[in-house]
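Please keep the sequence and the model in view while reading.

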Amino acid sequence: MLRSSQPLPGPNRRRAREDERLLATVLDEGERGFIIDTRSVQAAKQARMTGGGTETKASYPHWRRLHRPLERGRPLQESFAKLVEACNDSSITMDRWLSRLESCRWLSHVKAALSTACLAAQCVDREEANVLVHGPEGLDTTLLVTALAQVILDPSCRTLTGFQGLLEREWIEAGHPFHLRCARSAYSHARLKQEAPLFLLFLDCVWQLSRQFPFSLEFGESLLLTLFDNAYASAYGTFLCNNEKERCLCKVKENTHSLWAWLNQPEERKKYLNPLYSPNALVIWPSVEPQSIQLWQGFFFRWIRSSQYLDEAWAEIQRLMEG
């Protein structure tokens with residue numbers, strides 16, 4: 001599985017011989033690959049006018065392009081803000097609540113992300129094909145899809161240590177701009193142009209996987225909540241800056257502590273483990289039917305509904321498993 005930003009043919013349909021040779025070397029003789037573009041066909045055509053674009057069939061004859069549009073930027077941020085507002089409105093009726101839940105479209109974004117990740121995983125697992133995933137810049141929806149696909153395919157990414165490595169590789173080192181995307185929360189009245197909860201969407205999708213496969217992930221919901229908190233406000237340097245260059249210039253590793261080092265302390269690590277975990281070497285294929293995608297109540301209701309009884313039940317399960 002490969003990931004990249006969009007190619008740059010522009011309005012004159014320039015060819016990039018280096019790109020063509022690079023993708024050609026990925027395929028053995030007689031093999032075909034899939035290109036999953038996380039933009040719509042129309043968006044890809046519009047990008048051509050500003051220097052971007054997509055791969056042409058003539059230049060990439062052994063690659064089949066599939067468009068699976070995923071929202072990013074302002075629409076995703078607005079969806080998040082509308083959902084948080086609805087969750088905090090205790091005066092609405094059930095019918096009104098369901099209507100607002102549907103209109104904010106957050107669960108539609110979750111479904112679309114999981115569906116696209118499943119498509120990429122199916123190309124790798126069932127078609128035994130190489131897959132290239134890209135969006136406009138390769139820093140947002142591209143990382144969302146490739147990271148989710150690896151959780152679906154690779155059992156090592158479902159362990160606590162493997163999941164940390166996945167985040168480091170697919171989000172931090174790959175240059176997801178955390179400083180810009182997580183500048184403020186949904187409670188802020190300001191709407192910054194670069195802000196978008198892509199990382200939260202990823203965490204929500206992983207929670208959906210953990211709910212549908214409660215024995216297959218070594219970590220629980222508490223880890224996902226901790227990761228969200230640290231992406232927006234942290235005493236650690238793991239999610240600081242927008243890319244590796246900025247982190248080097250700011251000497252983040254020299255001047256801050258790592259979140260992973262803290263999480264992996266024995267007493268801390270214990271808090272995030274799933275007591276029901278049973279290693280599963282198989283691929284996990286999530287259902288993306290509407291009835292299977294649920295609101296992540298542990299996140300969206302965490303400030304308005306006590307989790308005391310759930311926490312006590314979880315602690316009891318841990319006690320029984322250890323006994």
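How many bridges join β1 to strand β4, and do these strands run parallel or antiparallel? The model, which is predicted, shows 3 bridges between β1 and β4 (residues 130-134), and the two strands run parallel. Within this region, S4 stands opposite H134 of β4.

The pairing of β1 with β4 belongs to an open sheet of 4 strands, ordered β1-β4-β2-β3 and paired in parallel. Its edges are formed by β1 (2-4) and β3 (63-67), each of which pairs on one side only. On average, neighbouring strands of this sheet are turned by 20° against each other, direction ignored.

Attention now passes to a pair of helices. Two packed helices are described by the angle between their axes and the distance between the axes. For helix α3 (residues 74-87) and helix α4 (residues 94-104), the axes come within 9 Å and cross at roughly 165°. Because angles over 145 degrees count as roughly antiparallel, α3 is roughly antiparallel to α4. The crossing in which α3 passes α4 is left-handed. On the α3 side, the contact is made by S79, K82, L83, E85, A86 and C87, and W97, R100, L101 and C104 contribute from α4. Classified by type, this contact of α3 with α4 comprises 6 nonpolar, 1 polar and 3 charged residues.

Finally, the confidence of the prediction may be considered. The chain has a mean pLDDT of 91, with 93% of its residues reaching 70 or more. Confidence is highest in helix α6 (residues 141-153), at a mean of 98, and lowest in helix α16 (residues 308-322), at 67.

Note on methods
Residues are numbered from 1 along each chain as its sequence is written. This is a predicted model: local features need pLDDT of at least 70, side-chain atom pairs count only at pLDDT 80 or more; totals for chains, interfaces and linings use all residues. Side-chain values use heavy atoms; hydrogens and water are left out. Axes are lines fitted to C-alpha atoms, for helices over the stretch in contact, and angles run from 0 to 180 degrees between N-to-C directions. Angles under 35 degrees count as roughly parallel, over 145 as roughly antiparallel, 65 to 115 as roughly perpendicular and the rest as oblique. A crossing is left-handed if the near helix is turned anticlockwise from the far one by less than a right angle, and right-handed if clockwise. Contact means heavy atoms within 4.5 Å. Ala, Val, Leu, Ile, Met, Phe, Trp, Tyr, Cys and Pro count as nonpolar, Asp, Glu, Lys and Arg as charged, and the others, Gly among them, as polar. pLDDT is the predictor's confidence in each residue, from 0 to 100. Two strands pair if DSSP finds at least two bridges between them.
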